[in-house]
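Trainee: I want to go through the terms used for this model and set each value against its definition. Please show it.

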Amino acid sequence: MPADLFGVLRASHERRSRSEPADRVPGISVARMPVLDPAVVKDSYRFGEALGQETQTIEFKGTRDAENDMLRVLKDKISRYLCAFLNSAGGAILFGVDDDGIVRGGQLGAAQRAAAVKLIDAAAQLIDPQVEPDAIMPPRFVPVADAAQPDTCVLLVVVLRGRQPVYYLSPHSTDAFLRRHESVFRIEWSLVRQREAAAATPVRRSWRHIAGRLLPFDDHIADLRARLCPSRVPRLWAMRRLAAMLAAADCPRLLLLRGASGSGKSTLAGAIVQHGLSRRREEESDGWKNVAVAGCHFSISDRDAAATGAFVQHVAASLIASPYTSAFKRAALASPLEILHIIETPDAAVAFRSLLRLLGRLRPTHGRRLLFIVDGADAADVSVADGGDAARRNVASLVRRGAKDAPDWLTFLLTSHNPRAPPPAGGGQGGALLLDFDSADGCADVARPACVNGTLTIGGAVWSFRLAGWATA
């Protein structure tokens with residue numbers, strides 16, 4: 001690494017501005033050197049100096065006057081920005097410069113500077129795959145003149161463009177970031193595949209190639225919840241009854257939540273997901289506990305989400321992401337090719353049954369029955385071959401046929417607006433939570449008395465509910 005880093009940056013910038021080839025520098029790949037303005041990245045600053053605006057390769061991180069605040073900001077932000085610049089064109093991070101480009105600096109003594117170097121090294125060592133030795137230059141503590149406090153400096157971290165297609169925050173993380181304009185974005189799985197396909201050497205497939213199939217439903221769930229006005233609430237009686245069913249020893253592996261369009265099935269599903277993914281063990285006076293949700297799939301939120309193949313892959317990705325199924329993630333870490341072979345089987349029905357049988361060899365870490373919610377499962381699907389005959393399938397039929405192979409710790413909850421959708425079979429493998437809402441009266445989700453009837457059927461046992469009014473959340 002050259003001693004005169006700033007001289008190298010200035011020379012590289014001047015030659016690039018004249019479209020001339022940059023000099024070769026021992027220890028530095030000039031082709032991967034970021035384009036940095038020497039008026040911004042330099043060997044000295046003045047307190048209150050204006051450096052302009054952030055760019056594709058320049059990131060400012062301001063710090064407060066509090067002691068050790070620069071170390072706090074560094075610890076919180078360094079991993080994400082190292083990863084983003086490695087995945088982009090490289091760049092420089094200036095800690096001690098406000099977002100508007102004004103130099104403030106931070107007071108760092110010898111011990112604090114040593115701690116800052118350790119934080120940067122620790123973040124770089126966690127990044128996966130391993131970062132090349134020349135990709136992250138040694139941090140520079142650039143002095144700030146005219147500052148009120150001694151040892152005031154700007155911490156400068158210069159990152160070169162990485163050689164690998166994608167860098168992740170850590171070996172156990174699926175988070176990878178990209179620098180775009182003046183912001184940092186999470187890299188979508190489609191871009192990961194594009195980068196890997198364009199790589200000079202084949203990329204070894206890992207558990208991330210399973211986890212990357214996760215379909216994003218957070219925005220759809222948030223939109224469902226945002227549509228509720230103050231007078232509308234999820235059907236708490238249904239949530240309580242569902243939690244009681246899942247706690248029972250003879251809980252079926254398949255449940256049906258049926259109601260007319262607009263009756264609030266998706267709203268109820270969204271509420272269950274939001275509560276159930278949090279791992280909270282809330283308990284009310286009647287003994288109701290939160291439903292533990294392993295994952296969810298909203299077929300109506302995206303056209304591609306209706307495909308059965310995408311559904312099977314999303315189930316596997318959800319189980320990797322779920323805090324309840326760490327045993328499955330360990331299996332994916334140990335034998336990713338086995339699971340990839342299963343979920344990439346062209347026949348989605350075969351893939352789904354094989355995945356469920358694999359889950360039968362595993363156990364959840366918490367001892368609670370898990371729920372996987374499939375909302376809008378009536379959405380049409382593409383044609384697939386079944387025994388030589390083309391058959392029209394959808395996610396609902398896939399789950400109905402395959403749920404019998406689910407492990408005893410997993411239950412699927414289907415929602416359907418089809419009034420003729422048959423309840424799942426009994427015998428401990430199926431049951432139905434049937435909602436009968438008078439949506440024609442306009443009170444599907446509205447707090448009006450005596451407008452909702454509900455029945456819950458498991459095998460031959462039937463529970464009936466009549467709501468005289470809405471309870472508040």
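Strands, helices and confidence

Mentor: Q107 stands opposite T152 in β6. The model is predicted: local features need pLDDT of at least 70, side-chain atom pairs count only at pLDDT 80 or more, and totals for chains, interfaces and linings use all residues. Residues are numbered from 1 along each chain as its sequence is written, and side-chain values use heavy atoms, with hydrogens and water left out.

Trainee: What makes β4 and β6 a pair, and in which sense do they run?

Mentor: Two strands pair if DSSP finds at least two bridges between them. Strand β4 (residues 106-107) is joined to β6 by two bridges, and the strands run antiparallel. Strands are DSSP runs of E with at least two residues, helices are runs of H or I with at least four, and the numbering starts at the N terminus. The chain has 13 helices and 17 strands.

Trainee: How many bridges does β6 have with β3, and how many with β5?

Mentor: Strand β3 (residues 91-95) pairs with β6 over five bridges in the antiparallel sense, and G91 stands opposite V159. Strand β5 (residues 140-145) is joined to β6 by four bridges, also antiparallel, and P143 stands opposite C153. β5 and β6 form a hairpin with six residues between them.

Trainee: Why is β6 called mostly covered?

Mentor: Buried means under 20% relative accessible area, exposed over 50%, and partly exposed in between (1.4 Å probe, protein chains only). Strand β6 (residues 152-159) has eight of its eight residues buried. Both faces are covered: T152, V154, L156 and V158 are buried on one side, and C153, L155, V157 and V159 on the other. Over the chain of 473 residues, 50% count as buried.

Trainee: Which loop holds H181, and is H181 buried or exposed?

Mentor: H181 sits in the loop between β7 (177-180) and β8 (183-186). Its phi is positive, about 60 degrees, although H181 is not a glycine. With a relative accessible area of 54%, H181 is exposed.

Trainee: What is the omega of the peptide bond that joins D128 and P129?

Mentor: Omega is about 0 degrees, and the bond is cis. P129 lies in the loop between α3 (110-126) and β5.

Trainee: Which residues make the contact?

Mentor: A316, L319 and I320 of α9 and F328, K329 and A332 of α10 make it, where contact means heavy atoms within 4.5 Å. They divide into five nonpolar, no polar and one charged. Here Ala, Val, Leu, Ile, Met, Phe, Trp, Tyr, Cys and Pro count as nonpolar, Asp, Glu, Lys and Arg as charged, and the others, Gly among them, as polar.

Trainee: How do you know that H314 counts as buried?

Mentor: H314 is found in helix α9. Its relative accessibility is 1%, so H314 counts as buried. Beyond neighbours within four places in sequence, H314 is in contact with R213, L214, L215, F217, C296, H297 and F372.

Trainee: What is the mean pLDDT of the chain?

Mentor: The mean is 77, and 70% of the residues reach 70 or more; pLDDT is the predictor's confidence in each residue, from 0 to 100. Over residues 22-26 the pLDDT is below 50, and over residues 380-392 it is also below 50. Where pLDDT is low, the predicted coordinates should not be read in detail.
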